[in-house]
Amino acid sequence: MELCDLTAHHLLSLLKTKEINAQQILDSISQRIKKVENQIKAFVRLDSNRFPVETINQHTITTSCEKILDGIPVAIKDNICTENFLTECCSQILQGFRPPYDATVITKLKEAGAIILAAKTNMDEFAFGSSTENSCFGPTRNPWDKTKVAGGSSGGSAAAVSASETILAIGSDTGGSIRQPACFCGVVGMKPTYGRVSRYGLIAFASSLDQIGPLAKDVHDCALLLQVIAGYDPKDSTTINIEVPNYIAALEKDIKGITIGIPKEYFVEGIDEEVKTIVYEAIEELKKLGATIKNVELKHTHYAVPVYYIIATAEASSNLARFDGVRYGLRLESENLISMYSKTRGRGFGAEVKRRILLGTFVLSHGYYDAYYLRAQKVRTLIKKDFEDVFKYVDCLVTPTSPTTAFAIGEKVNNPLQMYLSDIFTISANLAGVPAISLCCGFTKNKLPVGLQIIGKAFDEEMLFRVAHAYQMHTQWHKQKPPL
Amino acid sequence: MNINIQYEPVIGLEVHVQLKTQTKIFCGCRTDFGAPANSQICPVCLGLPGVLPVLNKIALKYAIKVGLALNCSIGELIRFDRKHYYYPDLPKNFQISQYELPVAKNGYLEISGNGNVKKIGIRRAHLEEDAGKLIHTNELTFIDYNRTGIPLLEIVTEPDIFSPEEAYEYLTTLKGIISYLDVSDCDMEKGSLRCDANISLRPKWTKQLGVKTEIKNLNSFKAVRDALTFEIKRQKELLEAEETIEQETRLWDEKKQRTFAMRSKEEAKDYRYFPEPDIPPVIITNQLLDEIRASIPELPKARMERFMREFNLNYADARQLTLEKNIADYAEERLKAYPKKDKKTVANWLIGPLTQEANQRGKNLSEIPVSADALCELIDLVENAKISNLAAKSVLTEMIDTGKNALTIVKEKNLIQISDESTLTKEVEQVLQENPQIILEYKKGKTNSIMFLVGQVMKKTNGKANPKLVQDMLRRRLENA
């Protein structure tokens with residue numbers, strides 16, 4: 001075991017007793033990056049000749065251990081703005097874009113003493129995808145099986161944590177983009193409640209669904225990272241001004257007497273039998289730990305994917321309108337303005353981005369708005385109500401994170417619908433705005449991780465940490481390392 | 001030929017008012033006019049990737065204030081929407097505006113022409129962000145984003161306006177109200193008030209609206225009036241020739257005094273409005289409404305009525321003096337300071353010589369530095385026949401230029417009016433001798449011609465003679481001769 005293989009909370013205790021220092025941690029992950037990054041491709045624009053790896057705030061590395069994340073390296077997804085450091089959403093259109101400002105989460109991480117890696121993590125272009133294959137830098141490979149995808153869109157963040165190329169990572173989740181890659185790479189990832197973490201500085205995909213969240217090796221680390229980034233931000237009007245609870249304290253509680261709902265809609269057609277079996281075993285484990293298991297219904301679940309692909313693409317088509325070659329990023333000169341727009345956007349955006357812009361433009365068009373966008377919003381309200389109703393009776397819900405384990409690179413690139421279904425179990429939480437966490441609950445015969453998703457009430461991330469941590473305290477899955 | 005059909009113009013106006021908040025509508029940038037290009041910008045108003053808008057509460061309050069003053073109902077829940085179109089002065093390629101749930105709707109504004117009062121319906125008033133400004137040179141185009149994100153209130157009327165004069169009256173009245181509310185400079189030259197006009201004609205016997213055109217590039221109230229007059233004529237000629245009117249946007253050409261169809265014919269626009277997900281809907285509480293209602297001052301109409309009542313002014317004078325808030329404040333102070341009950345004299349001075357002085361200096365009346373006391377002193381000198389009206393006007397000019405008081409100037413320039421008959425006899429006799437023709441006219445019954453003789457005497461005395469006395473003396477001489 002190297003230092004890079006340890007968790008943040010473990011490293012923090014070693015730092016506190018001065019057994020190690022922050023530089024050693026950075027050196028350790030740099031060594032790991034040097035060793036495995038060529039095979040994984042978790043990062044983009046990484047200068048592999050540099051040792052240790054470049055960080056954004058190296059100068060702040062201290063020997064003290066006063067702040068909550070002092071000395072802990074954190075990797076950042078390429079869609080989160082870092083002042084003066086390239087932030088390109090893995091898209092050609094943002095080529096060379098250095099934001100003049102930090103995202104709020106970056107400010108908070110800096111204040112907490114975290115060491116932020118300058119190379120960003122790979123992702124599907126603009127977070128449009130479920131495999132990180134839609135990156136202009138090429139796909140990230142799954143540390144457990146390099147012929148498989150890492151999931152997406154935060155595939156780089158999940159793979160980097162899994163391969164111990166970082167201690168912690170930040171991702172973003174619009175329809176499962178943290179949880180599904182966390183599931184595929186065997187790590188922990190959480191999408192917090194909509195409004196819990198500031199989106200200021202997150203390059204928007206779908207504003208009403210996006211949420212920044214943590215990826216980590218275990219639940220404890222995940223709680224630690226959320227603790228740092230959560231909270232009201234006057235720069236983001238959609239954050240809620242309520243106190244952030246002490247998530248570490250929530251880890252202490254056992255789960256005796258809590259009620260866990262199992263929504264039947266999540267265990268039907270399309271789900272891999274092995275995944276199903278392993279998830280049921282995890283549910284048995286939770287039962288053993290004292291939780292009451294209750295079968296429940298979320299009636300409108302089967303509308304989630306179509307509703308999501310209307311709302312998300314509509315918002316995306318609007319959010320991506322600003323990439324026009326006028327002010328920053330790629331510009332292809334042309335004889336007139338309209339042609340400059342077309343050439344720039346034609347070259348700058350990848351196929352999936354174009355597909356979604358077209359879809360989104362269509363559903364917002366005059367004459368179609370009512371039939372698609374407005375209807376989708378109404379169904380979204382019903383999906384949200386499903387959750388409100390069920391949370392009157394249960395404390396949280398447990399489901400598989402994804403219907404399958406990591407699929408082969410290239411397997412679904414030519415079948416967008418198949419690809420979209422990979423998020424079938426994660427999308428509802430975004431539509432309802434509720435928090436959800438994914439953690440590893442076992443491995444298939446092929447040694448691929450299986451993910452367990454726990455969905456909670458709005459602003460009750462504590463319950464998710466409590467259940468997930470209790471599970472990890474009695475299992476060993478999260479301690480397994482990929483064969484690198 | 002339909003030559004005998006009487007047509008009626010139907011006009012609706014869209015006015016954009018820049019609200020004079022200290023900072024922009026969705027960020028903390030300043031809004032100063034005339035700042036160096038791109039000196040008042042930040043990631044948010046530049047729409048850089050990842051930024052989020054935060055609503056300026058003052059802009060919202062100002063908008064509600066205008067809404068209330070225009071007798072609108074204020075939405076209990078208001079929402080922002082995105083309006084999409086590509087243009088380099090719009091950094092996000094969508095404008096944050098309001099579509100379904102505007103700040104205010106269903107109000108009216110009372111205008112009066114020749115003393116008749118008419119209500120113009122206000123369909124809606126909504127908040128939105130302004131765009132930047134393109135600066136074209138021969139080879140390049142530059143963009144100044146200072147204006148991007150300045151709060152705008154778009155005020156849209158019902159098609160209730162039936163003549164260019166009514167349109168002019170509406171704009172003047174609206175500007176007056178907004179100046180009273182102190183929420184905008186309403187300066188068309190600086191672009192803080194902009195107006196687009198929609199106009200169609202219909203035969204007088206129907207209520208059904210005809211095909212309309214939208215006129216843009218209107219840079220003054222007068223331009224609005226002239227452009228509408230032109231457009232009525234143009235549309236009427238087309239209709240009479242049984243030609244079709246294109247629904248289109250036309251630009252007013254101030255030099256050529258005519259409208260032109262915009263060169264590139266616009267495609268049917270689809271703005272793809274949808275609710276702005278980054279700004280949660282705002283609930284307008286009764287408490288906020290009460291607070292804003294309490295901050296609305298006496299408005300032009302109420303003040304005009306009070307001026308008529310308190311100062312005994314006629315409608316026209318009271319209206320002219322109350323249209324703009326700073327003028328009304330200026331006038332009220334001076335009207336109040338004048339000790340006599342009949343304030344007509346003061347009003348005449350304000351509307352006459354003082355306004356002329358202001359116009360000549362390219363200033364607003366309220367900027368003319370003649371204090372209430374100084375004005376009273378000047379009026380007294382005239383009233384007590386110490387100086388003539390003519391002399392008083394030059395004294396006023398001197399007062400403004402030098403800051404001296406009237407009496408000092410009168411003494412320095414030896415302007416005391418000559419009210420002594422014996423001193424004036426010589427000039428009167430001279431004038432009579434020089435103008436036998438006029439005397440003949442007078443005797444034939446053209447008694448008004450005496451005024452010419454008065455003028456001649458005034459001229460000879462450098463304006464110092466008491467004109468009333470001169471007229472008296474002349475009349476006596478002419479009757480007795």
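Visitor: At what angle do the axes of helix α14 (residues 450-460) and helix α15 (residues 467-480) of chain B cross?

Guide: An axis is a line fitted to C-alpha atoms, for helices over the stretch in contact, and angles run from 0 to 180 degrees between N-to-C directions. Helices are DSSP runs (H or I, at least four residues), numbered from the N terminus. In this predicted model, local features need pLDDT of at least 70, side-chain atom pairs count only at pLDDT 80 or more, and totals for chains, interfaces and linings use all residues. Residues are numbered from 1 along each chain as its sequence is written, and chains are lettered from A in the order in which they are written. Here the axes of α14(B) and α15(B) cross at roughly 125° and come within 9 Å.

Visitor: Which residues make the contact?

Guide: Two residues are in contact if their C-beta atoms, placed from the backbone, lie within 7 Å. Helix α14(B) supplies B:Ile450, B:Leu453, B:Val454, B:Val457 and B:Met458, while α15(B) supplies B:Pro467, B:Val470, B:Gln471, B:Leu474 and B:Arg475. By class there are 8 nonpolar, 1 polar and 1 charged (Ala, Val, Leu, Ile, Met, Phe, Trp, Tyr, Cys and Pro count as nonpolar, Asp, Glu, Lys and Arg as charged, and the others, Gly among them, as polar).

Visitor: How do helix α2 (residues 164-181) and helix α3 (residues 221-240) of chain B cross?

Guide: Their axes come within 8 Å and cross at roughly 160°, which means that α2(B) is roughly antiparallel to α3(B). The contact residues include B:Ala167 of α2(B) and B:Val224 and B:Leu228 of α3(B).

Visitor: Which residues touch the most other members of the largest nonpolar core?

Guide: Such a core is a set of buried Ala, Val, Leu, Ile, Met, Phe, Trp, Tyr and Cys residues joined through C-beta atoms within 7 Å. A residue is buried if 20 or more other C-beta atoms lie within 10 Å of its own. Of the 227 residues in the largest core, they are A:Val74, B:Ala63 and B:Ala197. Helix α9 (residues 304-319) of chain A gives the most to this core, with 9 residues. Beyond its neighbours within four places in sequence, B:Ala197 is in contact with residues including B:Ala167, B:Val224 and B:Leu228.

Visitor: How many residues of chain B are in contact with chain A?

Guide: On chain B, 24 residues are in contact with 34 residues of chain A. The chain B side divides into 15 nonpolar, 4 polar and 5 charged.

Terms used:
Helices (H or I, at least four residues) and strands (E, at least two) are DSSP runs, numbered from the N terminus. Angles under 35 degrees count as roughly parallel, over 145 as roughly antiparallel, 65 to 115 as roughly perpendicular and the rest as oblique. A residue is buried if 20 or more other C-beta atoms lie within 10 Å of its own, exposed if 12 or fewer, and partly exposed in between; C-beta atoms are placed from the backbone.
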